[in-house]
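Subject: Handing over the structure, with notes on what was found

Dear colleague,

I am passing the structure on to you below, and after it you will find my notes. Please read them with the model open beside you.

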Amino acid sequence: MAANLKTAPARPYDVARVRADFPILATTVHGHPLAYLDSAASSQRPRAVLQAIEDYETHSHANVHRGVHALSQAATAAFEGARERVRRFINASSVREVIFVRGTTEGINLVAQSYARPSLRPGDEILISALEHHANIVPWQMVCEQTGAVLKVAPINRRGELEFEAYLKLLSPRTRIVGVAHVSNALGTILPVQRIIEAAHAAGAVVVVDGAQAVPHIPVDVQALGADFYAFSGHKLYGPTGIGVLYGREQLLRAMPPWQGGGDMILTVSFEKTTYNELPYRLEAGTPNISGAVGLAAAMDYVEGLGIEAIAAHEHRLLQQATAELLRIPGIELIGTAAAKASVLSFTMKGVHPHDLGTILDSQGVAVRTGHHCAMPVMTFFGVPATARASFGCYNDESDIAALVRGLNKVREVFG
Amino acid sequence: MQLQDLYRDLILDHNRHPRNFGRLGAPARQALGHNPLCGDQLTVFVRLEGEKLADVRFEGSGCAISTASASLMTEAVKGKDRATVGALYDQVHALLTEDGAQPDASLGKLAALSGVREFPARVKCATLCWHTLNAALGEGSATVSTE
């Protein structure tokens with residue numbers, strides 16, 4: 001899966017050096033050093049990303065693909081350079097397969113509206129899993145309403161793993177699209193995406209992967225995976241908000257009608273007839289988020305500099321340590337105990353609502369997410385209104401876990 | 001920001017042992033309140049005798065602030081007439097949202113909620129029950145949401 005990536009450097013992972021790259025980590029919150037354990041919601045940005053954006057805005061900004069003047073060409077070079085950077089990061093076969101979008105949500109909606117909506121017929125089926133984020137549920141429900149297609153849901157077990165046999169049984173000749181997360185945002189489960197895709201392809205379905213939670217933790221090679229579409233967000237990968245990527249196989253993208261109309265996506269416009277631009281521009285109407293793309297490219301440089309496998313190994317150590325320490329605290333129940341997990345520790349504490357837990361942790365400088373994590377069906381499945389979720393990034397270390405444990409003991413003290 | 005201002009003993013006690021917890025059957029009015037942000041959900045039941053709130057109960061699940069606020073609310077409004085309850089609502093709302101608002105003596109135990117103001121993310125937890133009560137007192141049954 002990692003064929004396109006350099007192997008992790010042999011030197012030990014220097015988390016202190018990594019932390020120093022992230023200026024925001026020096027913040028104090030309510031008088032405590034920040035323990036940022038909410039990277040699954042949005043990661044922080046290293047100085048290299050902030051600097052790349054500032055350099056671009058300071059020296060190179062103009063509109064792209066338009067002007068003959070120097071700045072426009074510099075901006076175009078920066079933007080298209082970022083596209084090539086993304087292509088390499090996910091090993092797409094061509095930059096024509098890299099569509100810049102606002103984020104994962106927009107990427108999935110683009111597939112739903114531009115690929116699924118024109119091609120689905122009443123009775124066709126879209127198959128998703130029971131652990132999906134709302135962004136991989138609602139766009140399909142919308143397209144079902146628009147086309148008469150039917151949404152099917154493959155179940156998960158109590159550990160939060162996909163029931164693979166049940167998934168296979170739900171695949172049918174009517175299945176046109178399979179939508180699945182690579183990593184669950186609420187549970188941390190890593191899904192066997194390659195096997196899911198193989199089975200879907202055997203059934204003649206096209207697969208859309210929600211990669212938002214995967215790209216920061218797993219080397220992603222879209223060709224090795226066999227993904228037809230793969231969407232992810234910049235801001236969970238140490239890049240800016242408002243920029244994300246939809247990868248699509250060129251053959252599929254070429255057949256898709258434009259999603260939004262406007263500038264940049266056309267070749268010629270007259271009131272009688274408009275001809276559309278080539279890929280990828282045909283699917284990118286309007287002036288794009290240029291500095292966002294530049295920032296995302298810098299984030300990918302940064303991540304590959306650390307080595308994504310080295311980051312993943314570091315996070316895995318933290319996850320194991322945090323899991324062991326939390327289980328020692330009375331009343332803690334883990335939600336999501338899959339054998340294959342990345343970065344996410346979702347839990348509840350008996351007798352304490354996650355919202356109260358979040359407030360008390362915040363008062364101690366510990367940032368965790370509390371709520372339904374945009375995965376209400378997952379909460380319903382586990383019979384909880386909400387969970388608290390600690391999630392790890394490349395910059396977390398043992399001090400963050402210690403702060404979390406201290407904070408949770410404070411919760412017990414208050415609610416004693 | 002002081003944690004002990006938010007989680008006062010009275011709040012914790014009403015969270016652990018909510019008063020007037022349960023349902024009222026017809027012909028009581030009821031309304032469902034929902035905070036989609038945190039999943040809090042509660043139903044408020046009111047039995048009116050003329051203008052008087054003869055009985056008030058609530059049920060549902062929520063955080064300590066929303067549970068305690070609902071419990072304190074039912075104690076405070078039971079037996080009062082609509083006009084008095086309306087005035088109380090305004091006072092509680094001011095206490096929870098207006099900088100420098102001081103609890104009036106007439107608020108009684110509800111004054112324990114004054115610490116919530118320092119935690120803006122939690123104000124909706126405390127106001128949910130009051131919005132729901134308002135909906136129950138309105139025409140017919142209703143659902144309210146904090147978002």
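This is a predicted model: local features need pLDDT of at least 70, side-chain atom pairs count only at pLDDT 80 or more; totals for chains, interfaces and linings use all residues.

Residues are numbered from 1 along each chain as its sequence is written, chains are lettered from A and ligands numbered from 1 in the order in which they are written, and side-chain values use heavy atoms, with hydrogens and water left out.

Among the buried residues of α14(A) are Ile401(A), Leu404(A), Leu408(A) and Val411(A), where buried means under 20% relative accessible area, exposed over 50%, and partly exposed in between (1.4 Å probe, protein chains only).

Helix α3 of chain A (residues 70-90) has 21 residues and reaches 30 Å from its first C-alpha to its last, close to the 30 Å expected. The buried residues in α3(A) include Phe79(A), Val86(A) and Ile90(A), but also Glu80(A), Arg83(A), Arg85(A) and Arg87(A). Just after α3(A), Asn91(A) takes a positive phi of about 55°.

**Aromatic rings**

A pair of aromatic rings is described by the distance of the centres and the angle of the planes. Rings of Phe, Tyr and Trp (its six-membered ring) pair if their centres lie within 6.5 Å, and planes under 30 degrees apart count as stacked, over 60 as edge-to-face and the rest as tilted. By this rule there are 12 aromatic pairs over all chains. In one of them, the rings of Phe22(A) and Tyr395(A) have their centres 4.7 Å apart and their planes at 70°, so the pair is edge-to-face. This pair links distant parts of the chain, 373 residues apart, with Phe22(A) in the loop between α1 (15-20) and β1 (28-29) and Tyr395(A) in the loop between β17 (387-391) and α14. Phe22(A) is buried, with a relative accessible area of 1%, and Tyr395(A) counts as buried at 1%. Tyr230(A) and Phe232(A) form another edge-to-face pair, 6.4 Å centre to centre and with 65° between the planes.

Phe22(A) and Tyr395(A) also belong to one aromatic cluster with Tyr238(A) and Tyr302(A). Tyr238(A) lies in the loop between β9 (229-233) and β10 (244-248) of chain A, counts as buried at 1% relative accessibility, and has a positive phi near 70°.

**The cavity**

How many cavities of 30 Å³ or more does the structure hold? It holds one, and the largest cavity has a volume of about 40 Å³. A cavity is a set of points, on a 1 Å grid over the protein atoms alone, where a 1.4 Å probe fits but cannot get out, and lining residues have an atom within 4 Å of a point. Grid points are joined across faces, edges and corners, and a volume is the space filled by probe spheres set on the points.

Tyr238(A) is one of the lining residues, which also include Ser39(A), His217(A), Lys236(A) and Phe392(A). The lining divides into four nonpolar, six polar and one charged residue, where Ala, Val, Leu, Ile, Met, Phe, Trp, Tyr, Cys and Pro count as nonpolar, Asp, Glu, Lys and Arg as charged, and the others, Gly among them, as polar. At least three lining residues come from each of domain 1 (15-36 + 307-411) and domain 2 (50-304) of chain A, with domain bounds taken from an automatic or database domain assignment.

**Backbone details**

Most residues other than glycine have a negative phi, and most peptide bonds are trans. His30(A), however, has a positive phi near 50°, and is partly exposed, with a relative accessible area of 39%. The peptide bond from Leu279(A) to Pro280(A) is cis, with omega near 0°, and a cis peptide bond also joins Ala26(B) and Pro27(B), with omega about 10°.

With best wishes

Notes: Helices (H or I, at least four residues) and strands (E, at least two) are DSSP runs, numbered from the N terminus. On a 1 Å grid over the protein atoms alone, a cavity is a set of points where a 1.4 Å probe fits but cannot get out, and a pocket is an open set with protein on both sides within 12 Å along at least five of seven lines; lining residues have an atom within 4 Å of a point. The expected span of a helix is 1.5 Å times one less than its number of residues.
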